[in-house]
Amino acid sequence: MAAEVVMPKLGMAMKEGTVSTWNKKVGDSVSKGDMIASINSEKIEMEIEAPQDGVILDILVQEDVGVPPGTIICYVGKPNEQLTEQNSSANELQAPKNEVAAAVSLEEPPANAAPSKKRKETVLISPIARKIAESENLNVETIKGTGPKGRITKADVEKVLAERASEASPPSVERDNLAINKETLPVAGMRKVIAGRMHNSLLNSAQLTINMKADVTDLLSLQREIKDVIQQRHKVKISLTDFIARAVVLSLQEHKQMNSAYIDNEIHLYNHVHLGMAVALENGLVVPVIQHAEKMSLVELAAELKTRAANARQGQLSADRMQGSTFTITNLGAYGVEYFTPVLNPPETGILGVGATEDVPMYQGDELQKRNLLPLSLTFDHRVLDGAPAANFLGTIKQYLEQPILLLL
Amino acid sequence: MNNLVVIGGGPAGYVAAITAARQGKKVTLIEQKDLGGTCLNEGCMPTKSLLASAETYEKIKKAEQFGITLPLEQVKINWDGVQHHKTNIVKKLVQGIGYLMKKNSIKVMKGEASFLTNHRLAVRNENQVEEVEAEQFIIAAGSEPASLPFSPFDGKWIIHSGQAMSLPAIPSSLLIVGGGVIGCEFASIYSQMGTKVTIVEAAEQLLPGEDPDIAFTLREELEKKGVAIYTSSSLTEMQPEDKTALFKHKEELHELQSDYALISIGRKPRVLGLGLEKVGIHFSKQGIDVNEHMQTNIPNIYACGDVVGGIQLAHVAFHEGTVAALHACGKDKNVNYRAVPRCIYTHPEIASVGMTEKQARDAYGDIRVGEFSFTANGKAMIANESVGKVKVIVEPQFNEIIGLSIVGSHATELIGQGTIMLHGELTTDVMEDFIAAHPTLSEAIHEALLHSAGQAVHS
Ligand SMILES: Cc1cc2nc3c(=O)[nH]c(=O)nc-3n(C[C@H](O)[C@H](O)[C@H](O)COP(=O)(O)OP(=O)(O)OC[C@H]3O[C@@H](n4cnc5c(N)ncnc54)[C@H](O)[C@@H]3O)c2cc1C
């Protein structure tokens with residue numbers, strides 16, 4: 001029987017997913033596990049695999065149209081197989097959802113949805129001229145083309161933009177500059193998802209950030225001492241981040257309130273630690289999740305972190321590797337940032353921001369020494385816990401980092 | 001009275017004449033020498049004919065590499081035969097233009113034209129002067145080789161490109177002053193024919209307009225053929241008596257004796273003797289001033305081709321001639337210089353279109369550069385022509401393809417693809433799924449495009 005392929009639900013907050021590319025068309029044969037489509041949603045891009053061998057019988061969702069999770073996006077079955085009643089009733093069941101999707105896409109048509117595609121056929125315009133026009137929200141139908149057969153060229157678009165800039169502003173110097181320097185980028189794809197999520201995060205929780213410094217001088221010398229051995233034995237390059245992750249995992253187990261989520265006016269406390277680790281990509285960021293980090297040794301955790309981050313950078317992170325985190329770490333140290341206010345990754349209660357270490361002169365007893373300080377910023381949801389327990393939690397992290405031997409146990 | 005008179009029968013002039021005639025104008029074309037101008041008689045065509053002979057010779061000498069055994073000691077260049085091939089081609093092409101003139105009912109007058117008023121010309125042929133009137137004029141008088149200020153051409157030792165292609169025999173040594181397009185082409189031709197060539201160039205690199213890495217590949221290949229190259233060097237003295245030139249290289253004075261000294265330091269627009277002053281046409285040493293329709297400040301007079309300066313290439317002359325003629329016939333045409341291919345017929349060939357890497361960095365700051373070497377291209381390897389590479393320059397915001405440079409075998413044919421990309425204002429994403437035939441040299445272009453997007457397959 002034909003198999004339904006549905007838009008997966010990739011996270012609790014997911015309302016909509018989009019097929020960004022169909023790799024197959026109706027009638028193409030597929031083997032189980034073949035990539036049939038790429039979808040994007042939330043902070044995630046992922047590939048959809050064929051559930052069984054067969055051919056694509058029908059495609060129900062077009063590229064770039066958002067649909068709710070659960071919507072059937074295509075059928076895979078035997079060649080010439082007729083879709084059964086059951087199938088079609090499933091279609092009908094889906095119908096309302098599709099309408100919702102249609103309504104959504106009418107309200108805010110995606111940049112390259114069907115209507116603009118239609119226009120592409122009727123307006124003669126060069127590819128670069130079209131891109132510039134789209135990025136500046138120019139209606140290409142209103143531009144006069146001077147190329148062959150009235151084709152709109154880059155120069156034509158630039159002329160319209162120059163005219164718009166000079167009309168829009170009186171000839172005051174600052175205004176002119178504003179017009180010239182203005183650049184609009186569409187908020188789409190991953191950016192749109194991040195924008196929505198981060199804004200909702202701030203709207204729907206009570207966030208407060210506290211800061212503390214940990215003296216990681218001893219930790220860094222321990223790292224230097226053991227890194228070669230670990231590299232040889234386990235083929236893992238151990239980094240400061242790995243120690244921090246381990247310190248966080250241990251602290252979370254001691255402070256359960258921080259390892260929690262605020263969902264529907266209930267606080268869910270977790271025994272396991274699914275650790276989220278923010279990874280910056282070229283065009284946004286993703287948060288791979290290390291499941292059951294509490295069961296891992298320092299070395300195991302380090303290895304897992306490396307693999308997940310690499311996967312994320314190569315866009316090979318499957319959806320289940322990006323959901324269910326109970327606490328997140330985000331690190332801006334590499335950019336020279338000291339303290340900052342991380343934004344919660346809902347529905348989590350806490351997120352730890354890590355800054356850049358700094359060499360400072362510090363008294364150890366009567367002696368002045370060069371010490372290494374690591375700035376830590378903890379954002380937490382004040383609805384779940386108050387300042388004092390949050391400070392205790394951060395203090396525990398600090399303790400672990402300052403007595404690094406405990407992290408090895 | 002004529003509707004339109006064209007002065008000069010080179011690429012700009014004959015194309016303008018044909019275009020205007022096809023629009024229904026009564027056209028006369030005045031040419032003092034031979035139809036076809038520099039391009040057919042002393043430029044593009046004869047040089048390429050010599051080059052074809054030189055390359056055939058070179059290829060035969062390398063036949064062994066392809067598993068063909070020859071009595072190599074018997075393989076020789078027959079210079080008369082080479083010249084015959086060249087003149088034969090030129091003759092046929094010139095005749096072809098003559099035929100086109102007839103076919104389009106264009107009257108061809110022989111003589112040297114100069115303006116008397118903005119509607120009247122004097123045409124001098126030997127000792128006779130005839131006056132010709134017209135409503136409109138197109139000046140397409142072309143250009144001539146620039147000479148050294150201190151040593152004019154003497155045709156015996158100090159020669160220009162026109163003379164260099166009709167020497168009585170293959171010279172045993174040749175000094176080339178100027179390592180630009182023409183100088184490098186002659187260096188390629190004669191070095192492959194066995195002449196000991198020396199290039200003296202004032203700039204830091206050969207082909208000063210092109211990217212250094214592209215020009216460097218050519219330099220290496222010329223040096224392999226025994227060409228001595230002195231860049232950042234200036235000529236100080238020419239002594240025709242003993243055929244010796246003095247030049248300074250890195251503060252050191254060099255003395256060089258050669259059979260001939262080819263001066264290829266550029267070409268100057270032929271603006272003198274046309275009576276431009278008489279009608280008040282604006283011009284300078286750099287050429288006649290024109291607007292985007294190739295119109296001079298005198299509205300019924302147009303100018304196009306080498307005579308307006310700018311890019312001195314035959315295909316630019318064709319395009320400008322067309323625009324001038326169409327505008328003179330009431331069609332609103334502008335010149336489009338966006339995608340002018342620049343071809344250098346050396347061995348290996350060089351061709352580029354759009355911006356060089358440096359120009360692009362100056363204009364856009366951070367750009368993307370994709371490269372692919374012919375050493376990884378099967379077709380190039382098979383032909384034993386794997387020297388060179390393709391380089392594509394992409395603007396980072398919209399992925400617009402803004403420049404393509406190729407150094408390598410058949411570069412001047414391959415560049416047509418780049419010309420289309422720039423002319424069509426294409427972006428790399430438009431080209432991603434482009435299918436290049438396999439095995440071809442064209443694959444290198446596709447790979448360079450993919451490389452610019454970080455997706456090259458074969459490198
Ligand atoms: C060695 C060499 C190699 C070249 N190779 C290439 C190449 O490979 N590709 C390329 O694109 N370009 C090449 N060029 C450049 C190309 O030849 C010129 O850009 C092109 O010929 C310019 O065309 P034109 O019609 O403007 O002028 P020209 O071709 O110079 O024609 C002008 C004509 O006007 C005539 N004339 C001048 N004044 C008068 C007058 N007062 N009355 C009547 N007639 C007059 C001249 O006799 C001449 O025939 C080369 C040039 C040289 C010298």
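About 910 Å² is buried between chain B and chain A, and carbon and sulfur atoms give 53% of that area. Buried area is the accessible area (1.4 Å probe) that two parts lose on being put together, summed over both. On the chain B side, Gln397(B), Phe398(B) and Glu425(B) lose the most area to chain A, together 57% of what that side buries.

This is a predicted model: local features need pLDDT of at least 70, side-chain atom pairs count only at pLDDT 80 or more, and totals for chains, interfaces and linings use all residues. Residues are numbered from 1 along each chain as its sequence is written, and side-chain values use heavy atoms, with hydrogens and water left out.

The contact (heavy atoms within 4.5 Å) takes 13 residues from chain B and 12 residues from chain A. Two salt bridges cross this interface. A salt bridge is a side-chain nitrogen of Lys or Arg within 4 Å of a carboxyl oxygen of Asp or Glu. Asp429(B) pairs in this way with Lys131(A), with the closest N and O atoms 3.0 Å apart.

Now the ligand. Of the 38 residues around the ligand, the nearest include Glu31(B), Thr38(B) and Lys48(B). Here, a residue is near if one of its heavy atoms lies within 4 Å.

The protein covers 96% of the 990 Å² of accessible area that the ligand has on its own.

Notes: Chains are lettered from A and ligands numbered from 1 in the order in which they are written. Accessible areas come from the Shrake-Rupley method with a 1.4 Å probe; for residues, only the protein chains shown count as cover.
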